[in-house]
Amino acid sequence: GLTPLPSLFAYLWVTRGQGGDREGTGRAGGWNLPSLANNNLQTLPRDLFKPLDILSDLDLRGNTLACDCKIKWLVEWLENTNTTVPAVFCSSPGQFEGQRIRDLALGDFQCITTDFVMHQVLPFQAVSAEPFTYASDLYVALAQPGASSCSILKWDYVERKLRDFDRIPGEESAVHCKPIVAQDQLYVVVAQLFGGSYIYRWDTAVDKFIKIQDIDSQKIRKPNDIEAFQIEGDWYFVIADSSKAGSTSLYRLNQNGFYSHQALHAWHRDTDVEYVENDGKPRLIISSSSQAPVIYQWSRAQKQFVPQGEVGEMLDVQMVKHFRAKRDQFLCLSRYIGDSKVVRWEGQQRFVEVQTLPSRGSMVMQPFAVGQRQYLALGSDFSFTHVYLWEEEKQKFAKFQELSVQAPRAFRAVPAADVQLLLAPSFKANTLVYRHVVVDLSL
């Protein structure tokens, strides 16, 4: 009988030998295809020959087969089949052109890629997103200036979605909501442009947030960013202040709450603060609209940060973020006007520029890692967000994907069990949640 083949080859028929050879049908009792030679074939559908368990002969010569991921299955099949297949060669791509397909190794094919796909739309504007784990559950705190609050969302492991959990009310000016889980307590530092900034604690007795402290409004007049960290077992947070009369300030947690520990970089209109541990030494990098980013290093003797120098001679840096690749430490310096830069931090005050990225209208440049992959999200108020992927051999970021986020103010990677999320708070539109997916192009 005649059996049609699937997909593109429905016009080609299989002839089954009935107890002996027929002219052109191959060995007795076996399956044989009419010749596929010289058919100008560039690819073959995956597992095309799988239904033909005892295919005896196959001729693919004279075709222009592209040895890409779509043909990887054929390489594996040729390794394991007993079918007689005359030598067939790759016509493309360049690195494989002229090579016998049977000589290719499965490791020659780079078929695993990734993608960021829309996972959830949060129907509100936000300017910061901070994930945290408390009592074994995953949460995200988002500052919503237009909604007069910090919104706390909880990850639903069954529905695989973020759901409303609680709100911390405030003025219409929340710019950052920083959760700190310390000594089995959950604190949230709420930084606001108007009406003062406050610290809340989750009260398990009544299951709600209770305001426990005001933050000195003489020092913190126009907060912009908050970082929290531990040094030698003690918890600290630092608020960058962007007013002319304010001062970026460091607070330390003791038994009664957080108390002012050190005033840093007064009257410089600071826009961002980044905590970095380099060579085991805690450091702060403070970005300012009035000078190049300033580095402070922790002094164990003084129990304070002391000025150490500046990051190059770059002015108008909106924020500085860091990442590590192998043993090297890198800084990402974003600018709203002009180009943003990636520099390698070598030694005390040595910074080597490795890349310049066009970034007109950028308010955020955030490196983040998912598994072994290092990404960089560069947002813009005027165009698409560009996601870059770090190429270790070239020591540079390569363009990877564009995301349509209006006026992004942060990007935050959130590992949620088996789902890897990327949160993109928007100042002008809905906050978007992307999911990181791994794609095998050979399937």
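Phe229 is buried, and Tyr236 is buried as well, where buried means under 20% relative accessible area, exposed over 50% and partly exposed in between, with a 1.4 Å probe and protein chains only. Before I continue, a word on the source: this is a predicted model, in which local features need pLDDT of at least 70, side-chain atom pairs count only at pLDDT 80 or more, and totals for chains, interfaces and linings use all residues. Residues are numbered from 1 along each chain as its sequence is written, and side-chain values use heavy atoms, with hydrogens and water left out.

Let me turn to the aromatic rings. A search of the whole structure gives 27 aromatic pairs. The pair formed by Phe229 and Tyr236 is stacked, because the ring centres are 6.1 Å apart and the planes stand at 20 degrees. By definition, rings of Phe, Tyr and Trp (its six-membered ring) pair if their centres lie within 6.5 Å; planes under 30 degrees apart count as stacked, over 60 as edge-to-face and the rest as tilted. Ring pairs also join Phe132, Tyr139, Phe165, Trp202 and Phe209 into a cluster.

Two rings carry a charge over the face. Lys211 lies over the face of Tyr198, 3.8 Å from the ring centre, and Arg360 lies over that of Phe382, at 4.4 Å. The criterion is NZ of Lys or CZ of Arg within 6 Å of the ring centre and within 35 degrees of the ring normal.

Strand 7, residues 137–144, pairs with strand 6 in the antiparallel sense over 7 bridges; pairing requires at least two bridges found by DSSP. Both strands belong to an open sheet of 4 strands, ordered 6-7-8-9 with antiparallel pairing. Strand 6 (128–134) and strand 9 (161–169) each have a single partner strand, so one side of each is left without a neighbour in the sheet.

Finally, the chain as a whole. It contains 1 helix and 32 strands, these being DSSP runs numbered from the N terminus (helices H or I, at least four residues; strands E, at least two). The radius of gyration is 29 Å, well over the 22 Å that the globule rule gives for 443 residues, so the chain is more spread out than a compact globule. That radius is taken over C-alpha atoms, and the rule is 2.2 Å times the number of residues to the power 0.38. The C-alpha trace spans about 100 × 50 × 40 Å along its principal axes. Of the 443 residues, 51% count as buried.
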